[in-house]
Every structure is written in C-alpha cells, then in structure tokens.
Amino acid sequence: MRPVPGRLTAVTVVAVAGALVAALTAPPDRLQGNLQRLMYVHVPAAWLAYLSFAITLGASAGWLWKRRASLDRLASASAEVGVFFTGLTIALGSIWGKPVWGVWWTWDPRLVTTAMMFFVYLGYLALRRATLDATVRARRSAVFGVLAFAQIPVVHMSVVWWRAVHQPPTVLKPAAPTIDEWMLAALLANVLAFTLVYVVLLRARIRLAVAEEAYDAAHDGAAGELAGQAITTPDYRKEFPNHV
Amino acid sequence: MTPPGPARQALELARKDLLLEGRAGEALLVTAPFGGVALLLFPLAIGTDVPLLRSVGYGIYWVVVLLFGVLVSLRQSATDTPAQAALLRLTGVHPAVRLTGRAAANTLLLLAFQLILLPVTVMIYDPPLDSWPWLLAVLPLVAAGLAVLGTLAGALAQGFAGRATLGPLLVIPLALPLLLSATQVAEAVRYGRQPWSWLALLLLVDVVAALAVALSARSLEEYS
C-alpha cells in the first residue's frame, strides 16, 4: 500500500473540491431553490451507473472473445461500482422526491426501470458470488454481463417513450441543452469529478481482485483446517484390544 | 443412418423433458396449486372489496404467472447432470439445440400453467373479460418469453446449490416487459384502444431472448 496518494487520487481530490465549490456557488433553481443542488450528485451518479455498466458490457464481450482474466476483473469491478452508483442515484432521487413530489417513491417509468437495472446487476454480482471456479464464473458472468446491458437504453429512453413524472433528458438529447449556463458548467464539473472518483474506485477494486487472486493462488492446495477436522473415527483396536 | 436434423433433435429433447415432468409432476401438480394458493391469498391481504378485486385481478394473475412461472422453468426435472450433458455433446447435439428443446418444453408447460390458473383467477376475482380474444396471442407470447429467459437462467445457474433462488433473481427483472405488455393489453382494450404495440413489444422480447440463447449457448456449454 502506498503511503502517499498517487497522482490520480490527488487530481481526483482537487476535482471533487472544485466540483463542490461549483455546485454550491451555482445559482439556485427558481422554483426548487437549494433542493435542486442535489442534482449535481444525482445526475453524475446516474451517468456513472450507465458508464460502469457500459464498461461491464465491453469487458464481458472482450472476455468472451479474448478470454483474458484482466477483462473479467474489469467487468466485475465496474459492475460493483455501477451498483453502488445506481443505489446512490435511487437514494438521492428519493430524498429529492419527498419535498418536491411529496413522496419518496412513485410509479414513474424512469424510477421503476432504474430499480430493475439495480436488481439486474445485483443478480450479476450474485451470479459471480455463487460460482467458485474462476473460469466458469468469468464465462457465465460475461454472458449475463452482455445480456444485462439491454436494460440501459430502456432506462434512458423511458422518459421519452412513456408519460412520466420524471423530467425528460436536459443535456443528453438531440436538441440544445435546456439549462442555465452556470448550472450546466457546475453539472459538467461534477460529472468530471465523479468520473475521476469512478476511475479511482475501479482501479482500487481491480487491485483488490488481483490481491485476492494472488492470495487464493498462494493458499490453493495448502493444508487448511477443515470443518469437522477435530472429530476422528474411533480406533476400534484401541477401544477393544481383546476383540478378535 | 442419417442423423436427425436440429429441429428433430430439439423436438426429441423437448419430448424427453415433458416425459420427465410427466413423471415428476413438479410444474403442474406442485407449482400450479401453489400459484392457486397465492391467488387466494391476495384478497385476504388487500381486503375483500369486490370492485377493487375486479380491477386488480388481471394484474395479480400476471404477477403470479411471472413469479411462479420462473419456478416452472427452473424445476428440478429441467436440469442435466454432467454425464447427460457429456452424452449429448458426444452425440453431436449443438448446445443451442439443447437449449431450444428445453425452451420448447418450458413453453408448453408454462402455457398449461397459465391455462390452469386463468379459470381460478376468473372465479376468485371476476375480472372484466372484454380482452379475452387478445389472450389467445398474449398467453403463448408470455409463455415463450418467460420460458426462454428461464432456460437461459437455468443454464447460467446450472450446478449451483442456490439455483432455485438465483435463477428468479436473474429472470424476473429482465421479464418486466412481459408483465407490462400482458397487463397493458387488457388496459388498452378497456379504454377502447388497439393493443398492437404491446403485442409487438411481447414479440420483440421473445425474439431478443431467443437470439440471446442462440448466441450464448456455446459459451455456456463449455463449462461442463
């Protein structure tokens, strides 16, 4: 473990600090006031969920093609980080929704499809945990990692395809963004900072996976303590020495 | 002797699965009555308000079909031992053909499962029956989609101790469009609209799921 943070971590810390300042100094929303500032975390978290799962898709497809362990590690680490950011998106949206919509949760297509995306990737992680053999785990999760991505376009387009309470895309849409310039700048600064956080988390998770694999390899086949090892079968000759 | 073609192989494998299910009776003699019990429990939990039950009955039917239908797809008799899988591989059966056979058997069983639960739903909930002609298309399309997704989950969770719990977690979120389409068909008919777009969505899900099975079959086969 390095005692001094690396360059990437330092840059990330600076970027997060800058993004925080931008989020706090951007003008408040005319109707929502300061509540709208939650969007500077909610939107980047949602963007990172998409990015994470897109990288899981790419790495899974890459594993099926090249069969490299590094691609499996990348797919798995990215899915884990993506699940975290999806959970964060849902939680922040809910916190914002209570004062603005009056409810913690509503049956809006965007909310439901996002929750489904969360559960699909929880299933992906459960599938990985259930498989002990590394190659079988990589193969099955690669297949599922490719399939699971089918949800992402549905989540993104849900606000366009169905009548929804959730607002339609403000930035990622065919027409020009419908947002104040300062707000847009603060949002983009936060997206950049959160993307760096994602890269740092991803790198840390991949390193942890490498360390876990090295540990498993070092202990593979070593005489570990087995369950029930303290119990031995009775020695028949010792118990009954006179028995013929 | 000419070896049978892929379609014949898939049919024979489906027949084998149905024969095994006929002996075990897991889907239709255990899971279907369990689904019936679930249909009976909902009114006790949400209240025996007849107009309310009439309006939610159709949706509850599809929720029960989805949740319990996955159990039909992941039944114990729909698993291959390593020896059975090896035998099929040695006889030259393509993995996609194997999964197609299983999906075909699952589709028939799910259709039977739906047909058993439908009169129970009508009896308990008395839902409006104005959309019944559309059910002739909806029932087989939902059965096929759920069967293919269930087959895929079964292949992904093959050999796991927690197969019966992991499988539904993998299938249910992906099967959401099936539930939406099936319920929205009745809703559209109730409001005098044509439900073609929902039927098209059902068909699209079925086709995408079938393509996913066909494309991933070889990758999933290698493990055993």
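This briefing walks through a predicted model with chains A and B, looking at annotated spans, the contact between the chains, and the fold of chain B. In this predicted model, local features need pLDDT of at least 70 and side-chain atom pairs count only at pLDDT 80 or more, while totals for chains, interfaces and linings use all residues. Residues are numbered from 1 along each chain as its sequence is written, and chains are lettered from A and ligands numbered from 1 in the order in which they are written.

**Annotated spans in chain A**
- An unreviewed UniProt entry puts "transmembrane region" on residues 47-65, 77-96, 111-130, 142-162 and 182-201 of chain A; positions follow the numbering used here, feature names are shortened, and such annotations may be inferred rather than shown by experiment.
- Residues 47-65 of chain A come out as 100% helix and 0% strand, with 27 Å between the end C-alpha atoms.
- Residues 77-96 of chain A are likewise 100% helix and 0% strand, and here the end C-alpha atoms are 29 Å apart.
- Helices (H or I, at least four residues) and strands (E, at least two) are DSSP runs, numbered from the N terminus.

**Where A meets B**
- On chain A, 15 residues are in contact with 16 residues of chain B, contact being C-beta atoms, placed from the backbone, within 7 Å.
- The elements giving two or more residues to this side of chain A are α4 (109-130) and α5 (134-148), and α4(A) gives the most, with seven residues.
- By class, that side of chain A has twelve nonpolar, one polar and two charged residues. Ala, Val, Leu, Ile, Met, Phe, Trp, Tyr, Cys and Pro count as nonpolar, Asp, Glu, Lys and Arg as charged, and the others, Gly among them, as polar.

**Chain B overall**
- Chain B has nine helices and zero strands.
- Its radius of gyration, 18 Å, is close to the 17 Å that the globule rule gives for 224 residues, so chain B is as compact as a globular protein of that length. The radius is taken over C-alpha atoms, and the rule is 2.2 Å times the number of residues to the power 0.38.
- Among chain B contacts between residues at least 6 apart in sequence, 87% join residues at least 24 apart.

**A helix pair in chain B**
- The axes of α6 (residues 132-156) and α8 (residues 176-190) of chain B come within 10 Å and cross at roughly 170 degrees; axes are lines fitted to C-alpha atoms, for helices over the stretch in contact, and angles run from 0 to 180 degrees between N-to-C directions.
- That makes α6(B) roughly antiparallel to α8(B) (over 145 degrees).
- W134(B), V138(B), V142(B), G145(B) and L146(B) from α6(B) meet L178(B), A182(B), V185(B) and V189(B) from α8(B).
- This contact has eight nonpolar, one polar and no charged residues.

Methods. Contact = placed C-beta atoms within 7 Å. Parallel < 35°, antiparallel > 145°, perpendicular 65-115°, else oblique.
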